[in-house]
Amino acid sequence: VHSSSRKSRASAAKRAGLGRAFVFAGLFWSLVACGHGQPRSGPPWFVSSAKSRVAWSSDRHRARQITTFLADELDPDLDPSGQQLIYVSNQGGNRDIWTRSLAGGAPKRLTRHSADDYDPAIGPKGEWIVFVFQRRDAKGDLMRMPLSGGPPERLTRRQSADRQPDWFPDCRRIAYARSKGNSPQAIFVLDLATGKSKRLSVRDG
């Protein structure tokens with residue numbers, strides 16, 4: 001009886017494990033196909049987990065490595081033309097924002113600071129990028145700068161952790177996650193014209 005009970009529990013656990021695996025796989029490919037970092041048109045982008053290299057796959061069976069430095073390269077995003085890539089790399093000793101043309105040529109470093117810069121997102125018109133920086137607030141604030149390079153502009157100035165920014169299609173607003181202290185994250189929307197943020201999510205978490 002005990003042996004049969006153990007076998008039954010083991011079989012149920014195995015089925016549950018397989019179910020979780022299939023759910024995870026489905027969520028993963030959904031994020032690859034629809035999530036942040038995907039080009040507006042063309043193949044899905046992903047980061048190779050083996051050595052953190054930015055790569056793309058045209059049919060999920062073949063991949064081409066884009067970056068080749070002996071460093072972590074993460075958080076890829078592509079401009080609307082499908083020709084300009086931005087990503088995060090720590091090849092300079094800390095995390096900064098880099099860009100490179102898919103047509104070839106050397107990568108260009110967009111930010112250069114001892115503090116980390118990460119979570120970059122290119123605007124729908126391909127003119128601006130927004131990213132998280134920790135230069136004046138170790139928890140993280142938002143900053144934007146031209147995709148071509150230039151002086152950055154600080155967007156948020158609160159004692160909170162502002163993360164994961166992304167643009168509205170109108171290019172006039174930015175959605176992002178904000179948390180303070182031990183409170184859960186909430187979604188806020190920043191109006192670039194007024195500089196004011198409005199909470200979008202009703203509940204924390």
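Which side chain meets Arg154 in a salt bridge? Asp141 does, at 2.7 Å from N to O. Notes on this pair and others follow.

1. **What kind of model this is.** This is a predicted model, in which local features need pLDDT of at least 70, side-chain atom pairs count only at pLDDT 80 or more, and totals for chains, interfaces and linings use all residues. Residues are numbered from 1 along each chain as its sequence is written, and side-chain values use heavy atoms, with hydrogens and water left out.

2. **Confidence.** pLDDT is the predictor's confidence in each residue, from 0 to 100. The protein chain has a mean pLDDT of 75. Of its residues, 66% reach 70 or more. Over residues 2-41 the pLDDT is below 50. Beyond near neighbours in sequence, that stretch has 26 contacts in the model; a contact means heavy atoms within 4.5 Å. Where pLDDT is low, the predicted coordinates should not be read in detail.

3. **Salt bridges overall.** The whole structure holds 7 salt bridges. The term means a side-chain nitrogen of Lys or Arg within 4 Å of a carboxyl oxygen of Asp or Glu. Side chains of opposite charge can pair when their charged atoms come close.

4. **Arg154 and Asp141.** Return to the opening pair, a salt bridge of 2.7 Å. Arg154 lies in strand E11 (residues 153-154) and Asp141 in strand E10 (residues 141-146), so the pair ties together parts 13 residues apart in sequence. Strands (E, at least two residues) are DSSP runs, as are helices (H or I, at least four), and both are numbered from the N terminus. Arg154 is buried at 18% relative accessibility. Asp141 is buried too, at 0%. Here buried means under 20% relative accessible area, exposed means over 50%, and partly exposed is in between (1.4 Å probe, protein chains only).

5. **What else surrounds Asp141?** The side chain of Asp141 also has a polar contact of 3.3 Å with that of Thr156. A polar contact is a pair of N or O atoms within 3.5 Å; within protein, one must be able to donate a hydrogen and the other to accept it, and residues adjacent in sequence count only if both atoms are side-chain atoms. Leaving aside residues up to four places away in sequence, Asp141 touches several others, including Phe131, Phe133, Arg158 and Asp162.

6. **Asp162 and Arg178.** These two form a salt bridge, with their closest N and O atoms 3.0 Å apart. The pair links distant parts of the chain: Asp162 sits in strand E12 (residues 161-167), Arg178 in strand E13 (residues 173-179), 16 residues apart. Asp162 is buried at 0% relative accessibility. Arg178 is buried at 9%.

7. **Is Arg173 buried or partly exposed?** Arg173 counts as partly exposed, at 33% relative accessibility. Its salt bridge partner is Asp170, with the closest N and O atoms 3.0 Å apart. Asp170 is partly exposed as well, at 26%. Asp170, Arg172 and Arg173 are linked in a network of salt bridges.

8. **Phe188.** This residue is found in strand E14 (residues 186-191). Phe188 is buried, with a relative accessible area of 13%. Which residue lies 11 residues from Phe188 in sequence and 4.3 Å away in space, C-alpha to C-alpha? That residue is Arg199. Not counting residues up to four places away in sequence, Phe188 touches Arg199 and others, among them Ile174, Tyr176, Arg178 and Leu200.
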